[in-house]
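Trainee: Please take one part of this model and walk me through it closely. I would like the packing and its surroundings in one connected account.

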Amino acid sequence: MSTRRLSRDEIGERGTEICESSLRSKLEERYFDQFVAIDVETTEYEVVEEAHLASNQLRKRLTDPQVFVVRVGHRAAFFV
């Protein structure tokens, strides 16, 4: 089980910054509508078709990541 070291707001702010500053242009054309899970401490990421799979793959690869998930090409992972 992961340990949260950052608040939800901090994870959201860092995740959004990483996405905007370095990942959006790199991922948008090839992975549009897929999910990217980002470790906001290391900037490592995984991209897959489903949000839970992206997070799970990142957690398998990294020790205790602080995960932010967003849908490539969108401002949020999910819409209500």
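Mentor: The cover over the buried residues of α2 includes β1, β2 and β3. Buried here means under 20% relative accessible area, with exposed over 50% and partly exposed in between (1.4 Å probe, protein chains only). Helices (H or I, at least four residues) and strands (E, at least two) are DSSP runs, numbered from the N terminus. This is a predicted model: local features need pLDDT of at least 70, side-chain atom pairs count only at pLDDT 80 or more, and totals for chains, interfaces and linings use all residues. Residues are numbered from 1 along each chain as its sequence is written, and side-chain values use heavy atoms, leaving out hydrogens and water.

Now the helix itself. In α2, the buried residues are A51, A54, S55 and L58. Viewed down the axis of α2, they fall within an arc of 95 degrees, so they line one face of the helix. That arc is taken over the directions from the helix axis to the C-beta atoms.

Next, the sheet. It is open, has three strands in the order β2-β1-β3, and pairs antiparallel. Its edge strands are β2 (45-48) and β3 (67-71), each pairing on one side only. Pairing requires at least two DSSP bridges between two strands. On average, neighbouring strands of this sheet are turned by 20 degrees against each other, direction ignored. Helix α2 (residues 51-61) packs on the sheet and touches β1, β2 and β3. Contact means heavy atoms within 4.5 Å. The direction of α2 makes about 145 degrees with that of β2. For such angles, axes are lines fitted to C-alpha atoms, for helices over the stretch in contact, and values run from 0 to 180 degrees between N-to-C directions.

β1 and β3 run antiparallel and are joined by five bridges. D39 stands opposite V67 in β3.

Q34 sits in the loop between α1 (8-31) and β1 (35-39). Q34 is buried, at a relative accessible area of 19%. Leaving aside residues up to four places away in sequence, Q34 touches V47, V48, E49, V70, R71 and V72.
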